[in-house]
Amino acid sequence: MITQIERSPSGRARCRRCNEPIAKGAVRAVFNGTVMGVEASESFLHFRCAIDVDAVSTEAALALFDEPFDERAELTDVLRQRTRAIAECKKPVAERDPERMRVEGARDPSGRPRVRVLLAGSAFSWGTLPSFELDRVTKDRTFRSSKREYQFVVQYTGIADADEDPSQPVIAAVFAPFAGAKVMNNQRLKLTSWRDRALPTPLLWVFTRAAQTAPKDEQIQGLRALLDDVGYVGDEATVCVARGVNGSTLAALAAALDESVETITPPKVDARPSDLKLAAKIEALVADRAESNARQALTHGLLAVRLAKKNGAIAASVLPHLDLRKLSPAGRDALGRAAVSALAMDNCLDEAIALLTLTLAKSEDPEPLVASATAPILAALTRLLAKPSKTLSDHRLKDPKRLKALTSLACAHQIKGRTAPLLVAIADGRADRSLTTLATALLAAKAPRAEERLLRWIDGLAEGDPRVTLLAATRRTLMTRAKRRAAKRA
Ligand SMILES: [Zn+2]
């Protein structure tokens, strides 16, 4: 960062950014910072160059330097616009004022626009070689082609995106995996957040490890399928292959960027509030039957509802990869409705139940949501209890949690007909532990008439039927409850 503004005592220093000499007596900026985690020795920049490198700290340093100089008033204006635009970008996309974000684009001393390129993927995770190589072959991760000054921003996966600066917009994102490396979930999240911010289709910059000659076609196809999967549908990603980061691979990447940046238009920004956007996204994923992405989006919705403060604010540190800083009552209800739609998908059931349960608990007027959820809850319960869909019956045996969550949701909101699928499943059930699981679920529903029917059914079983033994404890509970109810009536 820029720590001080001063007059250059000699003409010996060169500018850290543009490498041109800084004249004796000129106003210059002192740069102190860390490079690769190590304290870098003090270096200097032209004042104009410093504005592009770090407007926020330059403005702060200028406030402590009170000498007049030629362009002081003009450059103070530029700085003020820049820092205001940067601050505006911290708001959710829908709440930004485009007027406050209007700034003149940053350019290098030769007039090339300065743009930023985000780098993420396994090749740019903490401590992997390409990130160190990038620091070795560039100064401050800056690279110039004949057309642009590229500022590479390494986006360690799982960490929030860097602050936006409209004077040097992000024009490209480069997803750089190692050939053959499995794409981790947090890398997928990073791509999703790029898509949510309407960044253009990322370039694939694939790194081959020493032993391999080139990534296989199916690996490249798999990566393209991943881009499709997170919503980068339609335009083809350009693929660059490299063994390591050096001057010529960077030149090749910059050439690909120079070309693709002009041809690829970024996807449209959705201007709705981000909570409504998340709800709409869940519904769209459910409609597409995109299970794993729907599950992830539901989890984000669940976290948002759980972590929103009373006034709806969500701390940026909690969901750094999501553009979601506020949850309105309308947004919460929309997430509840999205959860209802997701009840239709067996593999999203756990997340959908959890999100619906929580939104209902927090809603001020849950009735409309309960009404719209009734049929889907019963349908999910019936599916869950239907005879042997293999995964579900296995799941039911090993982990009755899902059944319990669904029945207690139905019970808490007095969903009519909630015990019927349970009674049918018990009557059709196998004589094994799944039968006791079902009976426990029915007991949890606390429905007197259903309990009476179950008791009659157990008593109607033939002597020696193994189900009599399996349900002995259930029968005792049913008897106790029936007696208590009779005593209450008397
Ligand atoms: Zn300079």
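Let's start at I377, which touches L343, L406, L409, A410 and I415, leaving out residues up to four places away in sequence; contact here means C-beta atoms, placed from the backbone, within 7 Å of each other. Before going further, note that this is a predicted model: local features need pLDDT of at least 70, side-chain atom pairs count only at pLDDT 80 or more, and totals for chains, interfaces and linings use all residues. Residues are numbered from 1 along each chain as its sequence is written.

I377 belongs to the largest nonpolar core, a set of 53 residues. Such a core is made of buried Ala, Val, Leu, Ile, Met, Phe, Trp, Tyr and Cys residues joined through C-beta atoms within 7 Å. Buried, in turn, means that 20 or more other C-beta atoms lie within 10 Å of the residue's own, with exposed set at 12 or fewer and partly exposed in between; the C-beta atoms are placed from the backbone. Alongside I377, the residues with the most contacts inside this core include I282, L298, A339 and L406. Helix α12 (residues 367-385) supplies the largest share of the core, 8 residues; helices (H or I, at least four residues) and strands (E, at least two) are DSSP runs numbered from the N terminus. Domain 3 (272-364) and domain 4 (379-490) each put at least three residues into this core. Apart from it sits another core, of 35 residues, L118, A120, A172 and W194 among them.

Now for the wider layout. The domain assignment also gives domain 1 (2-95) and domain 2 (114-263), with bounds that come from an automatic or database assignment. Between the C-alpha centres of domain 1 and domain 3 there are 42 Å.

Next, look for the open sheet of 6 strands, ordered β7-β8-β6-β9-β10-β11 with mixed pairing. Strands count as paired if DSSP finds at least two bridges between them. At the edges are β7 (142-144) and β11 (239-242), each pairing on one side only.

Within this sheet, follow β10 (residues 203-207). Strand β9 (residues 170-175) runs parallel to β10 and is joined to it by 2 bridges, with V174 partnered by L203. Strands β10 and β11 are parallel too, with 4 bridges between them: W205 stands opposite C240, and V206 faces V241.

Why is β10 largely enclosed by the rest of the structure? Because 5 of its 5 residues are buried. L203, W205 and F207 point one way from the strand, while L204 and V206 point the other way.

Conventions
Two residues are in contact if their C-beta atoms, placed from the backbone, lie within 7 Å.
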